[in-house]
Amino acid sequence: MELRKGLEDVAVKETAITYIDGELGRLYYRGYSIFDLAEFSNFEETAYLIWYGKLPNEKELEELRIKLSTNRELPDSIINYIKEVKKDANPMDVLRTAISMLGVEDTDNSDIMEKSIKITSKIPTIISYFYRSRKNLEIIHPDETLSHSENFFYMLNGKKPSEIESKSMDVSLILHMDHEMNASTFACLVVASTLSDIYSSVIAGIAALKGPLHGGANAEALKQFIEIGDKKNVEDYINKRLQSGQRLMGFGHRIYKTYDPRAKIMKEYVKEITKEKGIYNLYEIANAVDEIGIKELGNKGIFPNVDFYSGLMFYSLGFDPDMFPAVFASSRVVGWTAHVVEYLKNNRLIRPKAIYIGEIGRKYLPLEDRQ
Ligand SMILES: CC(C)(COP(=O)(O)OP(=O)(O)OC[C@H]1O[C@@H](n2cnc3c(N)ncnc32)[C@H](O)[C@@H]1OP(=O)(O)O)[C@@H](O)C(=O)NCCC(=O)NCCS
């Protein structure tokens, strides 16, 4: 039996959801280029596409919009939990617990798709309520007249987004919505394959995404830009970092061996929004790290990935750095649940093997005879 550490290059399912071309730097959801979706689409429409496999007509889009906007509010028990949980709790722990509580409260018999829409609708509310209550601010209840992205921004910041804020939020969520078979999606599938429920699958996804090797690199990339302080320090910073064997955060990817297309798109929006927010200097630093980093590492196929610019984007939109993985989850939940639905059409319990390297036939000694 062959050992494939990290399950590298092992396929666990066929999929018609997402295709990545790591050599050319292309990403497609259901066959549509991420460049087109980021430019022309929005959260609701791209979520419909990922869940149902086609772009919606007007009626279908309106139906999804209504479901997503009318299911945002949380039960009182969860609002109370969020208000009472310790203020320095990890936002991913709060999100995971709140989704678990939602699972307990959800007693209706609707199908996985309907439950997935409800979960997706509520995640921004959980994140925003926690964000505000830990800062001793009044929570802001959802506004059904706003789109998914606008409402998320509104519940967080207490004001409606500008045009650039609204588009940036939409684009950020579209870019994070799915990425084929990553660790968190696989965690969702392992749980789903036992025929557990969709809340349990999503909780597994959140648990996997919490780890710094998956959802945390964007905060590290942002920290790097803040530490550098001025674009004239970039060259020196990169040299010192690489010479001491440290990695440049937001650079490199297991699949992309060229510029991550999501980073390319994110960069354009970050450039605009940092201008509006008065933190354009951070964009200039990031841009210099991008250019000099490619000069140093590009020949090894190491280029900026989505996390390189997404941290700066989420920061510009008002999120605290420890919340970045939760914002990621608010979008990736669409991909997680779409993959679960796709997998369950042809389910097989996920049960890999381990290669035993221990001893066999050891003699059992009574406690008093052991050293
Ligand atoms: C994402 C990542 C884990 C993918 O790595 P991988 O495909 O498993 O590649 P490896 O970790 O095996 O690294 C291969 C080589 O590239 C180098 N490398 C990879 N990423 C690097 C980075 N960000 N900075 C400097 N060197 C890097 C490694 O040091 C290694 O060099 P060596 O062969 O001389 O030892 C890795 O690029 C990384 O740690 N990046 C920084 C964190 C990050 O941005 N994560 C977000 C990913 S979306």
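The points that follow cover the model, its domains, a helix pair and the salt bridges.

1. This is a predicted model, in which local features need pLDDT of at least 70 and side-chain atom pairs count only at pLDDT 80 or more, while totals for chains, interfaces and linings use all residues. Residues are numbered from 1 along each chain as its sequence is written, and side-chain values use heavy atoms, with hydrogens and water left out.

2. The chain is divided into domain 1 (12–212 + 324–344) and domain 2 (217–316); these bounds come from an automatic or database domain assignment. The C-alpha centres of domain 1 and domain 2 are 26 Å apart. Their contact (heavy atoms within 4.5 Å) takes 26 residues from domain 1 and 26 residues from domain 2.

3. About 2200 Å² is buried between domain 1 and domain 2, and carbon and sulfur atoms give 72% of this area. Buried area here is the accessible area (1.4 Å probe) that two parts lose on being put together, summed over both. On the domain 1 side, Ile164, Leu175 and Phe324 lose the most area to domain 2, together 29% of what that side buries.

4. Helices are DSSP runs (H or I, at least four residues), numbered from the N terminus. The axes of α11 (residues 217–228) and α15 (residues 306–316) come within 7 Å and cross at roughly 80°; axes are lines fitted to C-alpha atoms over the stretch in contact, and angles run from 0 to 180 degrees between N-to-C directions. Helix α11 is therefore roughly perpendicular to α15 (65 to 115 degrees).

5. A salt bridge is a side-chain nitrogen of Lys or Arg within 4 Å of a carboxyl oxygen of Asp or Glu, and by this rule the count comes to 26. One salt bridge is counted between domain 1 and domain 2. Asp322 pairs with Arg134 in a salt bridge, the closest N and O atoms being 2.7 Å apart. Because Asp322 lies in the loop between α15 and α16 (324–344) and Arg134 in helix α6 (residues 112–134), the pair ties together parts that are 188 residues apart in sequence.

Terms used: Helix = DSSP H or I, 4+ residues; strand = E, 2+ residues; numbered from the N terminus. Parallel < 35°, antiparallel > 145°, perpendicular 65-115°, else oblique.
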